[in-house]
Amino acid sequence: MKLIVGLGNPGKQYENTRHNIGFMILDELAKAWNINFDKNKFNADYAITYYNGIKYLLIKPTTYMNLSGEALRKFYDYFEINIEDILVIYDDLDTKTANFKLKAKGSSGGHNGLKSIISHLGTEKFNRLKIGIDRPTPPMKVVDYVLGRFSKDEIIDIEKIYSKSINCIEDFSKMSFVELMNKYN
């Protein structure tokens, strides 16, 4: 089983904000696979499906970003998932908007959702799909920027990476993570 975790904040007020790019990618994946996030358990909206013969568990924690690790850990334990079968999708300030990068391990880089996951899993060694949102222009504060909505131009750019992100998630079940990084990075 593959566990795909999209990070974001629940609620209408956070829709289409930079911090919710993980939710946005999973919503596009759900459309492509014709599935719904119609279940809620362990403080997450989730869906279970098969794609190309592989079982996928897709979760969107409803704990808010800073507590994302609580929900992930409960699914990890309940379904007895191997750590190498987890892929976390999140926003990254250090990557240009609408670019993405796969990473197999690392620190939180100041991202509170990742801090929570690292704390709850007890390791920095889990697979990540970092979606670029760029940095704010001073004097804008980072918190205001990440909780702000994408501009119309940024949305156009973000929509261009949806299919590439979905292909990457689909390939996650077909190849090693090193092969995946070599293909997409």
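Trainee: Which residues is Thr49 in contact with, leaving aside its neighbours within four places in sequence?
Mentor: This is a predicted model, where local features need pLDDT of at least 70, side-chain atom pairs count only at pLDDT 80 or more, and totals for chains, interfaces and linings use all residues. Residues are numbered from 1 along each chain as its sequence is written, and side-chain values use heavy atoms, with hydrogens and water left out. Contact means heavy atoms within 4.5 Å. On that basis, the partners of Thr49 are Trp33, Ile35, Ile54, Lys55 and Tyr56.

Trainee: Is Thr49 buried or exposed?
Mentor: Thr49 sits in strand E3 (residues 44-51); strands (E, at least two residues) and helices (H or I, at least four) are DSSP runs, numbered from the N terminus. Buried means under 20% relative accessible area, exposed over 50%, partly exposed in between (1.4 Å probe, protein chains only). Thr49 has 13% relative accessibility, so it counts as buried.

Trainee: With which side chain does the side chain of His19 make a polar contact?
Mentor: His19 lies in the loop between strand E1 (2-6) and helix H1 (21-33), and is buried at a relative accessible area of 12%. A polar contact is a pair of N or O atoms within 3.5 Å; within protein, one must be able to donate a hydrogen and the other to accept it, and residues adjacent in sequence count only if both atoms are side-chain atoms. At 2.9 Å, the partner is the side chain of Asp91.
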